[in-house]
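This report concerns a single protein model. The sequence and structure are shown first.

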Amino acid sequence: MPEPDVDREARPGTGPGTGPGSGPGTEPPGPFRVRPIATRRGPDPKQDRAARTRLLVLTAAAELFTARGFRHTSVQEVADRVGMTKGAVYFHYPTKEALAVAVVEHHYARWPLLLAGVTAEGHGPLETAERLLAGAALAFRDDVVVQAGTRLQVERPQIDAELPTPYVDWTELLAGLLARAEALGELRAGVRPRTAARSLVAAFFGTQHISDVLHERAYVVERWSETAELLFRAIRAE
């Protein structure tokens, strides 16, 4: 069976008119649109103090999910990490699944911010793609929410929530950028934008996974820089 065209690939929580979930802000243009994932939720924080507490709990959960995974992390351990009672944690996140969902939603909310920042720099589409992936490599090295969200996606069969399908938005975004690059003569003749986008996504996420397994992503920026140099040289017009 032939692989479906990237434009027609769908994942739960995406589609026209959907928003970015319970993560920050308003709906971003283009990819990375995630509607709230169905799960039990605590009340929305009405005060700055409550919002800070909620973020503190989420960050502690992300640290534990990154280190131990969903199955081997308990709500009590999250509570202990932030110096709260388990009941206080449950006030903000009524189940462990709700904590995992919040981490995944905040993981996805990182990418529109990265996209907006790189786009504002005003580079051409090919360099924009290159800088986006370099920025993502930094996030995988330094941002525990990004790290935890990725691990939770791998462990999705263990989580009683319909998490978004990973990789599709990145492929869509890069395919669009490479199509623009082709129109501007930035791509080497014969390079197909969607094929190149799929290859970049596979290479990037493979690199970050191998770096995680071998060195807990300590060198993911350097390893991706090496890989990116080869791949972008192969697709860039001479």
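## Model and confidence

This is a predicted model, in which local features need pLDDT of at least 70 and side-chain atom pairs count only at pLDDT 80 or more, while totals for chains, interfaces and linings use all residues. Residues are numbered from 1 along each chain as its sequence is written, and side-chain values use heavy atoms, with hydrogens and water left out.

The average pLDDT (the predictor's confidence in each residue, from 0 to 100) is 86, and 81% of the residues score at least 70. Over residues 5-29 pLDDT stays under 50. Where pLDDT is low, the predicted coordinates should not be read in detail.

## Helices α4 and α5

Helix α4 (residues 96-120) and helix α5 (residues 125-142) have axes that come within 10 Å and cross at roughly 135°. Helices here are DSSP runs (H or I, at least four residues), numbered from the N terminus. Axes are lines fitted to C-alpha atoms over the stretch in contact, and angles run from 0 to 180 degrees between N-to-C directions. The pair is therefore oblique, the class left after roughly parallel (under 35 degrees), roughly antiparallel (over 145) and roughly perpendicular (65 to 115).

## The loop between α8 and α9

Glu216 is in the loop between α8 (193-215) and α9 (220-235), and Arg217 lies in the loop between α8 and α9. Phi is near 55° for Glu216 and about 65° for Arg217. Most residues other than glycine have a negative phi.

Arg217 counts as buried (under 20%) at 5%.

Methods. Helix = DSSP H or I, 4+ residues; strand = E, 2+ residues; numbered from the N terminus. Contact = heavy atoms within 4.5 Å. Buried < 20%, exposed > 50% of the residue type's maximum accessible area, 1.4 Å probe, protein only.
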